[in-house]
Amino acid sequence: MACLSPSQLKKFQEDGFLLLEGFFTADECVAMQQRIGEIVAEMDVPLHCRTEFSTQEDEQLQTQGKTDYFLSSGDKIRFFFEKGVFDEKGNFLVPPEKSINKIGHALHAHDPVFRSITHSPKVQALVRSLGLQMPVVVQSMYIFKSPLTRMLPSSTRSP
């Protein structure tokens with residue numbers, strides 16, 4: 001099972017995160033990637049719900065903070081997009097599957113593939129080795145790192 005060594009536990013306590021290379025098997029990673037591909041292929045986000053995701057506080061308040069789509073996403077599977085992927089009417093400037101920043105926040109609750117991995121015995125053993133007695137999964141996200149959106153001309157990106 002996934003018990004941490006004393007040095008890993010110390011590193012987690014110091015940094016607040018821990019990189020566990022190889023924690024998930026290749027098959028588990030493929031299953032998650034394939035399922036996300038299916039979710040994206042089935043994606044149907046109405047124009048008024050197309051929210052650009054930002055980690056900048058002022059932009060968060062301006063975009064996400066004003067929309068119920070983001071604020072009520074804690075118990076749903078929702079799509080959040082890169083900056084500059086929509087025109088002024090909300091239509092995609094790039095292929096929709098290349099425009100996603102992340103999918104969140106309840107994959108662990110509503111999708112069988114993510115639920116089985118999130119609640120697997122090895123994840124349970126891992127959180128126990130961190131000393132957590134009654135852990136609760138608050139949210140889950142699949143974060144994309146699409147090279148296409150990193151290469152958008154500055155004229156298509158939001159200021």
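In helix H7, which spans residues 121-129, the buried residues are Lys122, Val123, Ala125, Leu126, Val127 and Ser129, where buried means under 20% relative accessible area, exposed means over 50% and partly exposed lies in between, with a 1.4 Å probe and protein chains only. Helices (H or I, at least four residues) and strands (E, at least two) are DSSP runs, numbered from the N terminus. The buried residues of H7 pack against helix H1 (6-15), helix H2 (26-41) and helix H6 (112-118), a contact being heavy atoms within 4.5 Å. After H7 comes glycine 131, whose phi is positive, near 90°; most residues other than glycine have a negative phi.

This is a predicted model, in which local features need pLDDT of at least 70 and side-chain atom pairs count only at pLDDT 80 or more, while totals for chains, interfaces and linings use all residues. Residues are numbered from 1 along each chain as its sequence is written, and side-chain values use heavy atoms, with hydrogens and water left out.

## The chain as a whole

The chain holds eight helices and three strands, and from the N terminus on its elements run α-α-α-α-β-β-α-α-α-β-α. Of its 159 residues, 36% are buried. Among contacts between residues at least 6 apart in sequence, 69% join residues at least 24 apart.

## The largest pocket

The largest pocket has a volume of about 1,100 Å³. On a 1 Å grid over the protein atoms alone, a cavity is a set of points where a 1.4 Å probe fits but cannot get out, whereas a pocket is an open set with protein on both sides within 12 Å along at least five of seven lines, and lining residues have an atom within 4 Å of a point. Grid points are joined across faces, edges and corners, and the volume is the space filled by probe spheres set on the points.

The lining of the largest pocket consists of 31 residues, of which Phe23, Phe24, Ile117, Thr118 and Val123 lie nearest its centre. The elements that give two or more residues to this lining are H2, H6, H7 and strand S3 (140-143), and the largest share, five residues, comes from H7. By class, the lining divides into 22 nonpolar, eight polar and one charged, with Ala, Val, Leu, Ile, Met, Phe, Trp, Tyr, Cys and Pro counted as nonpolar, Asp, Glu, Lys and Arg as charged, and the others, Gly among them, as polar.

## Valine 123 and its surroundings

Valine 123, found in helix H7, is buried, with a relative accessible area of 15%. Not counting residues up to four places away in sequence, valine 123 touches Phe23, Phe24, Ile117 and Thr118. The C-alpha atoms of valine 123 and phenylalanine 23 are separated by 9.1 Å, although these residues are 100 apart along the chain.

Phenylalanine 23 also has lysine 122 over its face, at 5.2 Å from the ring centre; a charge sits over a ring if NZ of Lys or CZ of Arg is within 6 Å of the ring centre and within 35 degrees of the ring normal. Elsewhere, the charged end of lysine 102 sits over the ring of phenylalanine 80, 5.4 Å from its centre.

## Aromatic pairs

A search of the whole structure finds six aromatic pairs, for which rings of Phe, Tyr and Trp (its six-membered ring) must have centres within 6.5 Å, with planes under 30 degrees apart counted as stacked, over 60 as edge-to-face and the rest as tilted. The ring centres of phenylalanine 81 and phenylalanine 86 are 5.2 Å apart and their planes stand at 70°, so this pair is edge-to-face. Both of these residues are buried, and Phe81, Phe86 and Phe92 form one aromatic cluster.

The rings of phenylalanine 114 and tyrosine 142, with centres 6.2 Å apart and planes at 90°, are likewise an edge-to-face pair. Because phenylalanine 114 lies in helix H6 and tyrosine 142 in strand S3, the pair ties together parts that are 28 residues apart in sequence. Phenylalanine 114 is buried, with a relative accessible area of 8%.

## Loop residues and a cis peptide

Threonine 51 lies in the loop between H2 and helix H3 (57-62) and, at 6% relative accessibility, counts as buried. Phenylalanine 17, placed in the loop between H1 and H2, is exposed, with a relative accessible area of 54%.

A cis peptide bond, with omega about 5°, joins glycine 104 and histidine 105, and histidine 105 is found in strand S2 (residues 100-105).
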